[in-house]
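Subject: Structure handover

Hi,

Here is the structure I promised you. Please open it and keep it beside this email while you read.

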Amino acid sequence: MKCLILGGFGFLGSHLCDVLLERGHTVRLFDRFEALRDNVVHLQGRVETTLGDLANEAAIREAVDGIDIVYHLVSTTHPKISNDDPAFDVASNVLPTLHLLDQVRRNGVKKVIFFSSGGTVYGIPRQVPIPETHPTDPLCSYGIQKLAIEKYLQLYHHLFGLDYAVLRIANPFGERQRPDHIQGAVTVFTHHVLTGRNIEIWGDGQVVRDYLYVRDVANAAELAMHHQGTVRTFNIGAGRGKSLLEVIDAIGGVTGNKPIVTFKPARALDVPINVLDTSAAHQHLNWHPAFAFEEGLERLVAHFRRQSDLAPRQA
């Protein structure tokens, strides 16, 4: 297949590109951030790359030309800031996606695979682990706009026969995720521990999340391309949870460094627990996580240490 990855220079997009190339597909990358091109520099000469914005209809029309599969990984916001300006959240994500879907159906694209948010679309869980049939009551605009795009994909399937898959992804971590970003607790905390910086915890550290190594996300996304069936929405997670304190303890064990932690008041947007039921992905995609949390963490630590002199410190 010829695949387009919207957001292809980013953390998830670059790993997805690696997997698609390994499995014989051709790839075109579309991204608005030139600064992230380093994530795919190792693929130079093997992929097409295009700078552009999802909101630019002409750029999107050109990007989807000749494409079989579109992977939509783009979001202009993240959960923490999305409630600051919900109108911007909708205008910069939902509306451009509708223009994208119009271009997709006009150009004969076979399938759209959308990266949604397993961590925000469900809200406070009524059962754990959380199945795809769970009520969706997000506590942030980010989750609402993700759900809106899911619904429009369903509508375009109904109206125009557009094939699609939705991946509700848990909390991915791994190489190429930005350690200076406010998203990605495992990656941020690991870099802080390696560099002797203080870790700030919102609340008491007992918030539980489902953490998944990035390669497993990329594998699931490639498998979703081939799936044919009436089930189109899949939770993608480890299927088990870890509290923030358990994550920090594991980082200390792998790095050999003693974490420094301070606690701040809890945030209203943080649900107490989020662990995904991934049985649908197991059954319909034949997907299972291949990496244990500790193995992914060891790979991340090795990556950071290759980048700089971050040898273990004495506890």
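First, a definition: buried means under 20% relative accessible area, exposed means over 50%, and partly exposed lies in between (1.4 Å probe, protein chains only). This is a predicted model, so local features need pLDDT of at least 70, side-chain atom pairs count only at pLDDT 80 or more, and totals for chains, interfaces and linings use all residues. Residues are numbered from 1 along each chain as its sequence is written, and side-chain values use heavy atoms, with hydrogens and water left out.

Ala185
Ala185 is partly exposed, because its relative accessible area is 26%. Ala185 sits in helix H6 (residues 185–194). Helices (H or I, at least four residues) and strands (E, at least two) are DSSP runs, numbered from the N terminus. Setting aside residues up to four places away in sequence, Ala185 touches Tyr211 and Leu244. Contact here means heavy atoms within 4.5 Å. Ile201 is 16 residues from Ala185 in sequence, and their C-alpha atoms are 9.7 Å apart.

Asn235
Is Asn235 buried or exposed? Asn235 is buried, with a relative accessible area of 0%. Its place is in strand S11 (residues 233–236).

Helix H4
Helix H4 (residues 86–106) has 21 residues. The expected span is 1.5 Å times one less than the number of residues. For H4 that gives 30 Å, and the end C-alpha atoms are 30 Å apart, which agrees. Buried residues of H4 include Val94, Leu98 and Leu101. The buried residues of H4 pack against several elements, among them strand S1 (2–6) and helix H5 (141–160). Just after H4, Gly108 takes a positive phi of about 75°.

Cores
A nonpolar core is a set of buried Ala, Val, Leu, Ile, Met, Phe, Trp, Tyr and Cys residues joined through side-chain atoms within 4.5 Å. In soluble globular proteins, nonpolar side chains tend to be buried together. The largest core here has 33 residues. Phe115 and Ile236 are among those with the most contacts inside it. Helix H7 (residues 214–226) gives this core its largest share, 5 residues. A second, separate core has 25 residues, including Phe30 and Tyr156.

Best wishes
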